[in-house]
Amino acid sequence: MQNSLFPNIVQFVSQIVPFDKIPKAALEPLCSHIQIIYLGKGESIDPCENEQSKSLYIVRTGSIEQRKRDGVLRAKLGPEDLFGFSFLSGEQDSDNDYIANAIEDSLLYVVPQSALKSLFVAHPEYAEHFASQAQVRLKSALDVVWSNKEKGLFIRQVKEVASGRISVVNANDTIQNVAHDMRVIQRSPCAVVYDNDKLVGLITDRDMTKRVIAHGVSIDQPISTVMTHSPLTIKPDDLVLHAASVMMQFNIRNLPVVENNKVIGLLTTSHLVQNHRVQAIFLIEKIKYAEDISSLAGFTPERQAIFEALVEGKVAPEVIGKVMSMIMDAYTRRLIQIAIEKLGAPPCDFSWIVAGSHARNEVHMLSDQDSALVLADDATDSDKIYFKHMALIVTNGLAKCDYPLCPGNYMAATPKWCQPLSMWKHYYKKWVSNPEYERLLNISVFLEIRSVYGNKDFETTLREEMHKAIRSNREFLGILVRDAINTTPPLGIFNSLVLEKSGENKKTLDIKKYAITLIIDLARIYGLSAECESSSTDERFAEAAKNGLLSEDSLRNITGAYQFILSIRFSHQLDALKQAKPADNNIDPNLFGSFERTHLKDAFRIISNLQDAAKVRFGNR
């Protein structure tokens, strides 16, 4: 190995699990034995060929495909992935007998088995990390722990991390001028392209190489001829974790940060790889590449571990909800892909819609499934049969991954909730114009919708239809208010307790029924009145305040109350999970200390006051 390469190798390896567990004093001697090999696209290595090849391989750059001797795909690996663990612990079976093929030009670091064994002799405490990885490479690690630095990135917003340097050009600018602006003036890896004040495209330095130089395109051509159209963007207030998930899902390296149609910065993969090891990102990546439902089901303990780590780390409740929602999104998308792999290409355009807590980005350990399928209006009866099979695969798959089936059958597998767009429009008109009890239940579920796969325009169309129907029947909000104030918060909780009177939850407080649901109902009413595009509880209240429906004090009070009550719920669920008990919403008030008692009283009072205000504002319509 060239001495000049050694520092780079040490830095790279020190960031990779499980090498990050090894202190530098022990890691450097190990790295001195690392060999570097290059595999051109199509070349392969046989880890079982001889004793010398029985090493631990680290993918530095490129992509590797592992295939068993019979040609069955075992795994696909990318940068920072490892293979060869099985040979370290002597595990020999058919699953470990494979050929590693380079599916693109790849650079590998090879850690000899002898060097690792020497490390284990000198430091036996490190051996278990590698042994456990060999046995549970794609299983969970229940001892998820984040450093303060990692937690800091986890909850930071994109605007705190993104670079302010980005090239902004016009669609008619020449390729040469854009390249000059990117390289010389802004020194940015990409440029965003506008046309009449509308963001229409994006071009990266890699695109310039692949689309311009490689194909001999004239540099005098307008940039619009080679740009990526309708690029993905991110909002400045979004979580860094969300941005990382988008980058992985769509395999992109640059995300423009956009606020009010104006690009204010750029987030790149380099912002995310500097020692930021976030376990949730790893889980989402593993879900993305899981080959079957049983593999997905095996990730359930890791999902629970992430929830526990977030709650223990005192991460804000709204962030916990967003992270757990991102994970549920990943499960849902992968199951849809598995269904398509099994059934063939979808026969028509569609959108998989989620509802309830999933749509609000407020998933927790008790969240069940609420979903629907919106099909193109040209869908035939045979098309509906295809989507029924898809829905059964997805909903049953989610159930195997410990996302319970909806007890009310508000799921895409129910024929009523797998319909063309025109039928969904009819549903909303009917529900709003005549909200009888059953219809009120239906629309209460589907007043929060979010597309997680397929044609997102269907979601937009339905939301517009919903707002249009409510505008034409303002009495509807009054009906929602009357339904929302049927239950009141337990203002006298510590005097005359509002407790379950019988059953296994006797003498406990149902914090969902008497607090959380009440706030969600109020947010729904205020958000619909403001025609908020988001289903998030906090964002609905914020939009209502922006439109003058809530005072700033009321906004701060209700959002503060909501986050505090959610933290109580999460802590209760965490305690149950740690005791290997089922998580629930039923809390024994005798376990509250003075801090919780004082703040819960305040929270319940805030809810009651907002119920009164909503009754005055909307109840007489």
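Two strands are said to pair if DSSP finds at least two bridges between them, and strands (E, at least two residues) and helices (H or I, at least four) are DSSP runs numbered from the N terminus. The model shown is predicted, so that local features need pLDDT of at least 70 and side-chain atom pairs count only at pLDDT 80 or more, while totals for chains, interfaces and linings use all residues. Residues are numbered from 1 along each chain as its sequence is written, and side-chain values use heavy atoms, with hydrogens and water left out.

**View 1. Strand β11 and its pairing partners.** Strand β11 (residues 198-204) is largely enclosed by the rest of the structure, because six of its seven residues are buried (under 20% relative accessible area, 1.4 Å probe, protein chains only). Six bridges join β11 to strand β10 (residues 190-195) in the antiparallel sense, with Val192 having Leu202 as its bridge partner in β11. Two further bridges link β11 with strand β12 (residues 228-229), also antiparallel, and here Gly201 stands opposite His229.

**View 2. The hairpin of β10 and β11.** Two residues lie between the strands of this hairpin, in which Asn196 takes a positive phi near 55 degrees.

**View 3. The largest nonpolar core.** This core (buried Ala, Val, Leu, Ile, Met, Phe, Trp, Tyr and Cys residues joined through side-chain atoms within 4.5 Å) has 121 residues, and among those with the most contacts inside it are Ile327, Trp352 and Ile565. Helix α14 (residues 317-343) gives the most to this core, with 14 residues.

**View 4. Surroundings of Ile565.** Leaving aside neighbours within four places in sequence, Ile565 is in contact (heavy atoms within 4.5 Å) with residues including Ile511, Ile519, Leu600 and Phe604.

Methods:
Buried < 20%, exposed > 50% of the residue type's maximum accessible area, 1.4 Å probe, protein only.
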